[in-house]
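Open the model in your viewer and keep the selection panel at hand. The tour goes from one stop to the next.

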Amino acid sequence: MRLGNNYHSYWTDITKRDFILPIVYLILNTSTSFFTNSSIYSSILELVNIVLILILWSLLHKSNFNYQINRGINSLIQNKKLVILTFLCVLILKTLYSWLVNNFIPIRFQYNQTQNDAAINELLNNNFLTLLLVFVTSVIGAPIIEEFFFRHLLIGELGKKFNYYIMAFVSLFVFAILHVTFANSPFEIGPYLIVSFSLVYIYLKTNHSLSSAIALHILN
């Protein structure tokens, strides 16, 4: 996960091997989705997919694996106050947004929770094992995978070619839109735009610290 500060716009600067990972992840998820409709087995397969992606990343970066991990840890320690402060701002903004939606827009567009949150809550109402697996995949695994895809690849890597701020804009909206594909109200995108903006902000503010973006995502 290269966190370079190089603003040259040449394809040779891009860590091309990292783009193998979303392709593999998509293939794994598509393949395993045909095996079961059970919540627990789906969660197990999702966890296996995440672990496989992390293993593949470590193999692709075995030459500088320790350096990448140490740099990520040091960056997180250095930026921990900013991450926590940003998280608190997100909580306030999401609460304010929810209040505005439920008090000032037509009732047909109001909602108690987003469909994405509802789907996760439904899984959390299962047995303890499913709850544990959903926690690991949704609260830990998903933020790692999503930040790698949406921040590192879209902004950190493709930004070298297409401009960091343009790709930050793309990252912000693609992330939010993909979280409301089953939304009942168009206003459900609001909380995800807030979260997405905060993640893009942290990533750019900390000089492309992926560990800081992952930490903020996990807190959310």
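Start with His 208. Select the loop between α8 (189–205) and α9 (210–219): His 208 lies there. Helices here are DSSP runs of H or I with at least four residues, strands are runs of E with at least two, and both are numbered from the N terminus. Check the backbone: phi of His 208 is near 65 degrees, a positive value in a residue other than glycine. Is His 208 buried or exposed? His 208 counts as buried because its relative accessibility is 4%. The cut-offs are under 20% relative accessible area for buried, over 50% for exposed and partly exposed in between, with a 1.4 Å probe and protein chains only.

A word on the source. This is a predicted model, in which local features need pLDDT of at least 70 and side-chain atom pairs count only at pLDDT 80 or more, while totals for chains, interfaces and linings use all residues. Residues are numbered from 1 along each chain as its sequence is written, and side-chain values use heavy atoms, with hydrogens and water left out.

**Next stop: Asn 163**

Move to the loop between α6 (159–162) and α7 (164–178), where Asn 163 lies. Asn 163 is not a glycine, yet its phi is positive, near 90 degrees. Its relative accessible area is 37%, so Asn 163 is partly exposed.

**Salt bridges**

Side chains of opposite charge can pair when their charged atoms come close. The rule for a salt bridge is a side-chain nitrogen of Lys or Arg within 4 Å of a carboxyl oxygen of Asp or Glu. How many salt bridges does this rule give? The count is two.

Select Lys 160 and Glu 157. Their side chains form a salt bridge, 3.0 Å from N to O. Both residues are buried.

Now select Glu 147 and Arg 151. This pair makes a salt bridge at 2.7 Å, N to O. Both sit in helix α5 (residues 128–157), four residues apart, about one turn of the helix. Glu 147 counts as buried because its relative accessibility is 0%. Arg 151 has 0% relative accessibility, so Arg 151 counts as buried.

**Stay in α5: Glu 146**

Select Glu 146, which is also placed in helix α5. Which residues does Glu 146 touch, leaving aside its neighbours within four places in sequence? Its contacts are Arg 151, Phe 175, His 179 and His 217. Contact means heavy atoms within 4.5 Å. Then draw a distance to Leu 132, 14 residues apart from Glu 146 along the chain: the C-alpha atoms are separated by 20 Å.

**Zoom out**

Show the chain as a cartoon. It has nine helices and zero strands. Along the sequence the pattern reads α-α-α-α-α-α-α-α-α.

Switch to C-alpha atoms. They fill a box of roughly 55 × 40 × 30 Å along the principal axes.

Colour by burial: 39% of the 220 residues count as buried. Of the contacts with a separation of 6 or more, 73% come from residues 24 or more positions apart.

Last, show the surface. The accessible surface comes to about 12600 Å², and 69% of that belongs to carbon and sulfur atoms.

Conventions. Areas by Shrake-Rupley, 256 points an atom, 1.4 Å probe, with all protein chains shown as cover.
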